[in-house]
Amino acid sequence: MSSTTIERRELGRFLAVAGKQFADGQGPAEMFSRAVDAAWHQMLGTPEYAAFSTEHAGSVLGHREMSGSGPIGWVAAYEEAYGPLPEIWFTDADGVLDEVALARYKETGKVVAEWDCGPTTGDGDDAAPGSR
């Protein structure tokens, strides 16, 4: 079995929170971390992903384009399950930490960010660019 990176660990936690949101009838969780999203993209379409998603979310969650900005609604649910968000959530795909966003989160407990994708319930039309 491959070693788990922090990005993969956080992807698993994100999928768990996202799966619970769907189960509770809420909308999709916003993927605002470029670093965690990069790990998601690496796993999508691999045989391993279905098992990974099912293990964490209880089902296979898909991935779709979903742009927006504003408060990230799932942070409290994450903190309740796992504690404060680690720095990786405020890191871009090149490993550069957004110190201002991290400081704001530590000060206020809230995350306001932009995102361009999120999970779907895996109905098959995800992962393809431009699909709705």
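Colleague: Which residues have the most contacts inside the largest nonpolar core?

Modeller: In this predicted model, they are Phe32, Trp74, Leu85 and Trp89, and the core has 33 residues. The elements giving two or more residues to this core are H1, H2, H3, H4, helix H5 (99-108) and E2. H1 provides the largest share, five residues.

Colleague: Which residues is Phe32 in contact with, leaving aside its neighbours within four places in sequence?

Modeller: Phe32 is in contact with Ile72, Trp74, Leu85, Trp89, Phe90, Val111, Ala113, Glu114 and Trp115.

Colleague: How do you know that the span of helix H1 agrees with its number of residues?

Modeller: H1 covers residues 6-23, which is 18 residues, and at 1.5 Å a residue these should span 26 Å. The C-alpha atoms at its ends are 26 Å apart, so the two values agree. After H1 comes Gly25, with a positive phi near 80°.

Colleague: Which residues of H1 are buried, and what covers them?

Modeller: The buried residues of H1 are Arg8, Glu10, Leu11, Gly12, Phe14, Leu15, Ala16, Val17, Ala18, Gly19 and Gln21. Their cover includes helix H2 (34-43), helix H3 (47-57), helix H4 (75-82) and strand E2 (112-120).

Colleague: Why is H1 called roughly perpendicular to H2?

Modeller: The axes of H1 and H2 come within 9 Å and cross at roughly 85°. Angles of 65 to 115 degrees count as roughly perpendicular, so H1 is roughly perpendicular to H2. On the H1 side the contact is made by Glu7, Arg8, Glu10, Leu11, Phe14 and Leu15; on the H2 side, by Ala35, Val36, Ala39, Trp40 and Met43.

Colleague: Why is His63 called buried?

Modeller: The relative accessible area of His63 is 5%. Buried means under 20%, so His63 is buried. This residue lies in strand E1 (residues 62-71). The C-alpha atoms of His63 and Pro119 are separated by 4.6 Å, although the two residues are 56 residues apart along the chain.

Colleague: What makes the pairing of His63 with Asp37 a polar contact?

Modeller: The side chains of His63 and Asp37 are joined at 3.3 Å, and the cut-off for a pair of N or O atoms is within 3.5 Å, with one able to donate a hydrogen and the other to accept it. The side chain of His63 also makes a polar contact of 3.1 Å with the side chain of His41.

Methods
Residues numbered from 1 in each chain as written. Predicted model: local features only at pLDDT ≥ 70, side-chain atom pairs only at ≥ 80, totals over all residues. Heavy atoms only, no water. Helix = DSSP H or I, 4+ residues; strand = E, 2+ residues; numbered from the N terminus. Expected span 1.5 Å × (residues − 1). Buried < 20%, exposed > 50% of the residue type's maximum accessible area, 1.4 Å probe, protein only. Contact = heavy atoms within 4.5 Å. Core = buried A, V, L, I, M, F, W, Y, C linked by side-chain atoms within 4.5 Å. Axes fitted to C-alpha atoms, helices over the stretch in contact; angles between N-to-C directions. Parallel < 35°, antiparallel > 145°, perpendicular 65-115°, else oblique.
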